[in-house]
Amino acid sequence: MKYNVHNLADVQTENIGEGTTIWQFCVVLKNAKIGKNCNINCNVFIENDVSIGDNVTIKPGVQIWDGVILEDNVFVGPNVTFTNDLIPRSKQYPLEFAKTLVKKGASIGANSTIVAGNTIGENALIGAGSVITKDVPANTVWFGNPAKQKGYISSEGKILDLNMIDKEGVLHQFVNDKFVKK
């Protein structure tokens, strides 16, 4: 086997990439797709219509419902909750669940809630405890309930405020997908 599944996990899919580890007490349904070199921590639930890219880290206590796509290099912190039904009712299901896309390199902090139908852009950073109710542009920092944009972040993790100034007081600009000193 080219991937590792703990013997106390219930993993029904065979569509798992090489080098991926799935820890104890996880449930992964049969149609889920999981990429290479992922780390799926304990107590994670992954439904059928879910696609997870390569090098993704999912911390404990996360539920990933039908309609969620996590691209490559995404980080999902502990107890993050995704939703997929904007008008949930017991025993009443929509014809199709809302889609949620988390683009490559994005990070979602612990205990955040991601409301269905939104896109989190590349390299975006969602602070712990945030509630995402709308699309999040690439390279931005969001937190709060509801979350609001509080700054910018480079692909290397350098954080700038809303005026594009770093913690040293240096002004930056965004050029060719990179923040550079102005």
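Q: Is aspartate 72 buried, exposed or partly exposed, and what is its relative accessible area?
A: Buried means under 20% relative accessible area and exposed means over 50%, with partly exposed in between. In this predicted model, aspartate 72 has a relative accessible area of 32%, so aspartate 72 is partly exposed.

Q: Where is aspartate 72 placed, and which residues is aspartate 72 in contact with, leaving aside neighbours within four places in sequence?
A: Aspartate 72 is in the loop between E11 and strand E12 (75-76). With those neighbours left aside, the contacts of aspartate 72 are Gly53, Asp54, Val56, Lys104 and Gly105. A polar atom of the aspartate 72 side chain lies 2.7 Å from the backbone nitrogen of aspartate 54.

Q: How do the strands of the open sheet pair, parallel or antiparallel?
A: Strands of a sheet pair through backbone hydrogen bonds, in either sense. Here the pairing is parallel, and five strands run in the order E5-E8-E11-E14-E17. Strand E5 (33-34) and strand E17 (119-120) are the edge strands, each pairing on one side only. Within the sheet, strand E11 (residues 68-70) pairs with strand E14 (residues 100-102) over three bridges. Isoleucine 69 stands opposite leucine 101 in E14.

Q: Which backbone oxygen lies 3.1 Å from a polar atom of the side chain of asparagine 84?
A: That oxygen belongs to aspartate 66. Not counting residues up to four places away in sequence, asparagine 84 touches residues including Asp66, Trp65 and Phe97.

Methods: Residues are numbered from 1 along each chain as its sequence is written. This is a predicted model: local features need pLDDT of at least 70, side-chain atom pairs count only at pLDDT 80 or more; totals for chains, interfaces and linings use all residues. Side-chain values use heavy atoms; hydrogens and water are left out. Two strands pair if DSSP finds at least two bridges between them. Helices (H or I, at least four residues) and strands (E, at least two) are DSSP runs, numbered from the N terminus. A polar contact is a pair of N or O atoms within 3.5 Å; within protein, one must be able to donate a hydrogen and the other to accept it, and residues adjacent in sequence count only if both atoms are side-chain atoms. Contact means heavy atoms within 4.5 Å. Buried means under 20% relative accessible area, exposed over 50%, partly exposed in between (1.4 Å probe, protein chains only).
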